[in-house]
Amino acid sequence: HLFFISLALDSIQKELEATIHVMTQLKQDAARLRIIVLLTTVKKFLGIDTEACDETMDSILTNAASTRDFNLVAHVNLMKLEVFVCFQEWEQAIDLVRKAGN
């Protein structure tokens with residue numbers, strides 16, 4: 001994560017998109033899903049198609065919950081929480097924490 005500190009968000013977006021391609025070729029589905037969550041978060045920060053980003057996050061969250069992948073559920077919720085806090089959407093952040101329960 002230290003690598004990303006020095007990069008602009010658009011550079012991070014390009015890195016994550018390239019990483020997703022590599023993870024797909026290597027058939028590393030769990031790692032690819034985590035990268036997709038990070039990429040979706042970066043796109044939200046950049047203001048790129050935020051509705052599609054919300055749908056992607058919700059879809060991954062639903063899938064992770066149905067397969068009982070609690071680590072992925074926590075990861076998705078953490079990224080969503082970071083976006084809410086960054087944009088000072090306190091009510092939504094509180095609701096997320098109450099709903100997630102972890």
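## What you're looking at

This is a predicted model, where local features need pLDDT of at least 70, side-chain atom pairs count only at pLDDT 80 or more, and totals for chains, interfaces and linings use all residues. Residues are numbered from 1 along each chain as its sequence is written, and side-chain values use heavy atoms, leaving out hydrogens and water.

## Overall build

The protein has six helices and zero strands, so from the N terminus on the order reads α-α-α-α-α-α (DSSP runs numbered from the N terminus: H or I of at least four residues for helices, E of at least two for strands). The C-alpha trace spans about 35 × 30 × 25 Å along its principal axes.

With 102 residues, a compact globule would have a radius of gyration near 13 Å, and the protein's 14 Å agrees with that. That radius is taken over C-alpha atoms, and the globule rule is 2.2 Å times the number of residues to the power 0.38.

## The core

Buried residues make up 27% of the 102 residues; buried means under 20% relative accessible area, exposed over 50%, and partly exposed in between (1.4 Å probe, protein chains only). The largest nonpolar core has 16 residues, and Leu 16, Ile 20, Val 37, Met 57, Ile 60, Leu 72 and Val 76 touch the most other members. Helices H2 (9-25), H3 (29-46), H4 (50-66) and H5 (70-86) each supply at least two residues of this core, with H3 giving the most, five residues. A nonpolar core is a set of buried Ala, Val, Leu, Ile, Met, Phe, Trp, Tyr and Cys residues joined through side-chain atoms within 4.5 Å.

Leaving aside residues up to four places away in sequence, Leu 16 touches Phe 4, Ile 35, Leu 38, Leu 39 and Val 42. Contact means heavy atoms within 4.5 Å.

Thr 40 sits in helix H3 and counts as buried because its relative accessible area is 6%. Again skipping residues up to four places away in sequence, Thr 40 touches Cys 53, Thr 56 and Met 57.

Ala 8 lies in the loop between helix H1 (2-5) and H2. Ala 8 counts as partly exposed because its relative accessibility is 43%. Ala 8 and Thr 56 are 48 residues apart in sequence and 23 Å apart in space, C-alpha to C-alpha.
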